[in-house]
Amino acid sequence: MAKQDRAIRTRQTILEAAAVVFDERGYDAATINEILTRAEVTKGALYFHFPSKEDLALAVIDAQAEATSALLDRPGGCRMQRLVDLGMVFAHQLLVDPVLRGSVRLTMEHGSAALLHRSGPFTGWIELHTRLLVEGKERGEVLPDVVPAEVGELIVGAFGGINALSQSVSDRADLERRAIVLYEHLMPSIAVPAVLARLDMAPGRGARALALATLEPVSA
């Protein structure tokens, strides 16, 4: 058991080090030696967990799937609040989670990274948003003319745009504000008035939602 725990910790250490290097340098410029230096592990330990730089990059990209898993595991609750929370939590985590930042860099950049299977995170985010919109419509939270698949793509694309803009102009320091503005403009065209009036899109919502998802169950 001790060996297994140590192996898990070593893998996570390597993953975090690689994410930081990928975020700072990009896929092409990142080197295994840089990752080894930052992780303070041997080459044998790295290759035991990740046979190649590509495998390591793909593992970092997969981290996006875990970014909001706590939100989706909660039973019940307002689906449109959860829709907003997906973006607000993601914006919050991008400021504090180096693995997520590395994942986003790899997903967005061009060059050799384009050879990686980078569509997975986008497809996954669109599916999550579409699912919440469908469920919201079934629960009477969504306006009748909303087409879930189209709106899901729109939200994901728009969020990707404000993320790229925020990174360029402020190193994401203003990402939360931009996310709030995005949802303040989009949600009136999506949620019915009664639900819209109850949505929490205030500053700090990402951190609050993440804490609630981790600590408190929500009744149906």
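Analyst: Contact means heavy atoms within 4.5 Å. This is a predicted model: local features need pLDDT of at least 70, side-chain atom pairs count only at pLDDT 80 or more, and totals for chains, interfaces and linings use all residues. Residues are numbered from 1 along each chain as its sequence is written, and side-chain values use heavy atoms, without hydrogens and water.

User: Which residues of α10 meet α9?

Analyst: Helices here are DSSP runs (H or I, at least four residues; strands are E, at least two), numbered from the N terminus. From α9 come Leu154, Ile155, Ala158, Phe159, Ile162, Asn163, Leu165, Ser166 and Val169. Their partners in α10 are Leu175, Arg178, Ala179, Leu182, Tyr183 and Leu186.

User: How are α9 and α10 oriented to each other?

Analyst: Helix α9 covers residues 148-170 and helix α10 covers residues 175-186. Their axes (lines fitted to C-alpha atoms over the stretch in contact, angles 0 to 180 degrees between N-to-C directions) are 9 Å apart, and the packing angle is about 150°. Therefore α9 and α10 are roughly antiparallel (over 145 degrees; under 35 is roughly parallel, 65 to 115 roughly perpendicular, the rest oblique). In short, α9 and α10 are roughly antiparallel.

User: Asp171 sits in the loop between α9 and α10. Is Asp171 buried or exposed?

Analyst: Phi of Asp171 is near 55°, a positive value in a residue other than glycine. Its relative accessibility is 61%. Over 50% is exposed, under 20% is buried, and in between is partly exposed (1.4 Å probe, protein chains only). So Asp171 counts as exposed.

User: Glu40 has a phi that is positive too. What is its relative accessible area?

Analyst: Phi of Glu40 is near 60°, and Glu40 is not a glycine. Glu40 lies in the loop between α2 (32-39) and α3 (43-49). Glu40 is exposed, and its relative accessible area is 72%.

User: How far apart are the end C-alpha atoms of residues 31-50?

Analyst: UniProt lists residues 31-50 as "DNA-binding region" in an unreviewed entry; such annotations may be inferred rather than shown by experiment. This stretch is 75% helix and 0% strand. Its end C-alpha atoms are separated by 14 Å.

User: How does α4 lie relative to α7?

Analyst: The axes of α4 and α7 come within 7 Å and cross at roughly 110°. That angle is why α4 and α7 are described as roughly perpendicular. The contact joins Ala57, Val60 and Ile61 of α4 to Val99, Gly102, Ser103, Leu106 and Thr107 of α7. The relation of α4 to α7 is thus roughly perpendicular.

User: Is Thr107 buried or exposed?

Analyst: Thr107 is part of helix α7, residues 98-108. Thr107 is among the α7 residues that contact α4. Its relative accessibility is 5%, so Thr107 counts as buried.

User: Which residues does Gly206 contact beyond its sequence neighbours within four places?

Analyst: Gly206 belongs to helix α12, residues 205-215. At 1% relative accessibility, Gly206 is buried. The C-alpha atoms of Gly206 and Asp85 are 6.4 Å apart, though 121 residues separate them along the chain. With neighbours within four places set aside, Gly206 contacts Met88, Val89 and His92.

User: What C-alpha distance separates Ala65 and Trp125?

Analyst: Ala65 sits in the loop between α4 (53-62) and α5 (69-72). Ala65 is exposed, with a relative accessible area of 65%. In sequence, Ala65 and Trp125 are 60 residues apart. In space, their C-alpha distance is 8.3 Å.
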